[in-house]
Structures are given as C-alpha cells and as structure tokens.
Amino acid sequence: MSKNNLLLFVFIVFMQFSIQAQTGDSIADAVAYNDEKDLSEQKPADSADKVLTPEELENKELLEREAKLYAARQAVLKKLSFIETNQNAFTAQVNNFNASLEACRCGKEISDPNDERELAKMTVLEIRAYFIAKNINITKIYMTSLNSCNK
C-alpha cells in the first residue's frame with residue numbers, strides 16, 4: 001500500500017470515528033465492539049504454528065479497521081433511514097389530519113411545528129422519543145381543532 005493511500009485511509013477512518021463520536025451513537029459503538037470481539041475470537045487452525053510477518057500483520061490490522069469502519073457506516077445509515085421513515089410518517093399524518101379537517105369543512109389547517117433539532121446528532125432512542133412526543137403533540141392539536149368544529 002502506498003504512503004498516499006495509507007494516509008487517505010487513515011484520514012477516512014479518523015473522519016468516520018469523528019462522526020461516530022459526534023452522533024454519540026451507542027448502536028455503532030456496540031456493533032464495533034461486537035465486530036472487534038468476533039474478530040479477536042477468530043483464529044485460523046494453524047495460528048499456533050504460524051507467526052505473522054509484518055506485512056501480514058499490517059494487512060490483518062487493515063482488514064480489522066475496515067470491518068469496524070463498515071459497521072460504523074452501517075449504523076449511521078440505519079439511523080438516517082430511521083429518521084427519514086419517521087419524518088415521512090409524520091408528514092403523512094399531518095396531511096391526513098388536514099384532509100379530515102377539510103372534509104368536515106372546519107376551515108382549519110394544522111401545520112408541522114418546525115423545530116431546529118439536529119436529529120443526526122441524537123441517539124436512536126432520543127430520536128424515537130422525539131417522534132413519539134411530536135406525534136402526540138400534533139394529534140392533540142388535531143383533536144382540539146376537530147372539537148372546535150363541533151361547536
């Protein structure tokens with residue numbers, strides 16, 4: 001591996017771990033820990049008889065880092081997918097509430113109160129709690145609007 005490629009790889013690994021640290025994602029930490037544990041437990045049948053050369057050792061370490069990096073990327077992608085799914089479901093819910101208010105001729109429309117939270121920096125459990133609270137809040141607003149139409 002050339003020196004430039006190695007430096008590029010080290011930079012990429014550093015950036016991924018930096019992103020992981022910023023997100024505080026415990027799932028990525030758990031996946032990386034489990035992958036590290038699995039890799040350390042795997043031993044070739046002839047490992048007791050063979051001593052790794054420096055080049056083989058470097059390749060082994062490179063493969064282990066790549067596996068950890070892959071696991072971290074997968075955890076981040078899972079989190080982003082979770083955010084997108086919840087946001088789409090919430091938007092559909094607001095649209096359905098508005099269609100219902102329109103069908104009842106209430107003359108009211110509810111909207112998504114937009115807060116400026118950076119969901120990608122939250123843990124999956126925090127994101128889940130955020131969307132649950134957001135759904136409860138918009139449902140309360142809808143119910144209030146619907147009740148006021150009945151009067």
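Analyst: What follows starts with the whole chain and then moves to the pair of helices and the loop between them.

This is a predicted model, in which local features need pLDDT of at least 70 and side-chain atom pairs count only at pLDDT 80 or more, while totals for chains, interfaces and linings use all residues. Residues are numbered from 1 along each chain as its sequence is written, and side-chain values use heavy atoms, with hydrogens and water left out.

The protein chain holds four helices and zero strands, where helices (H or I, at least four residues) and strands (E, at least two) are DSSP runs numbered from the N terminus; the order of its elements is α-α-α-α. Of its 151 residues, 21% count as buried, a term that stands for under 20% relative accessible area, with exposed meaning over 50% and partly exposed in between (1.4 Å probe, protein chains only). Among the contacts in the chain with a separation of 6 or more, 79% are between residues 24 or more positions apart, a contact being heavy atoms within 4.5 Å.

Helix α3 covers residues 54–103, and its 50 residues reach 73 Å from the first C-alpha to the last, close to the 74 Å expected at 1.5 Å a residue. The expected span is 1.5 Å times one less than the number of residues.

On the α3 side the contact includes K79, I83, F90, V94, F97 and L101, and on the α4 side I127, F131, K134, I138, Y142 and S145 are among the residues involved. By class, this contact has 12 nonpolar, seven polar and three charged residues, where Ala, Val, Leu, Ile, Met, Phe, Trp, Tyr, Cys and Pro count as nonpolar, Asp, Glu, Lys and Arg as charged, and the others, Gly among them, as polar.

Burial can be followed along both helices. The buried residues of α3 include K79, F90, F97, N98 and L101, whereas those of α4 are I127, Y130, F131, K134, I138, Y142 and S145, and the buried residues of α4 pack against α3.

Leaving out residues up to four places away in sequence, N98 touches E109 and I110, and a polar atom of its side chain lies 2.7 Å from the backbone nitrogen of I110. S145 of α4 is buried at 11% relative accessibility and, with the same exclusion in sequence, touches L101, K108 and I110.

R105 lies in the loop between α3 and α4, and just after α3 this residue takes a positive phi of about 55 degrees. Most residues other than glycine have a negative phi. R105 counts as exposed, at 77% relative accessibility.

Key. A polar contact is a pair of N or O atoms within 3.5 Å; within protein, one must be able to donate a hydrogen and the other to accept it, and residues adjacent in sequence count only if both atoms are side-chain atoms.
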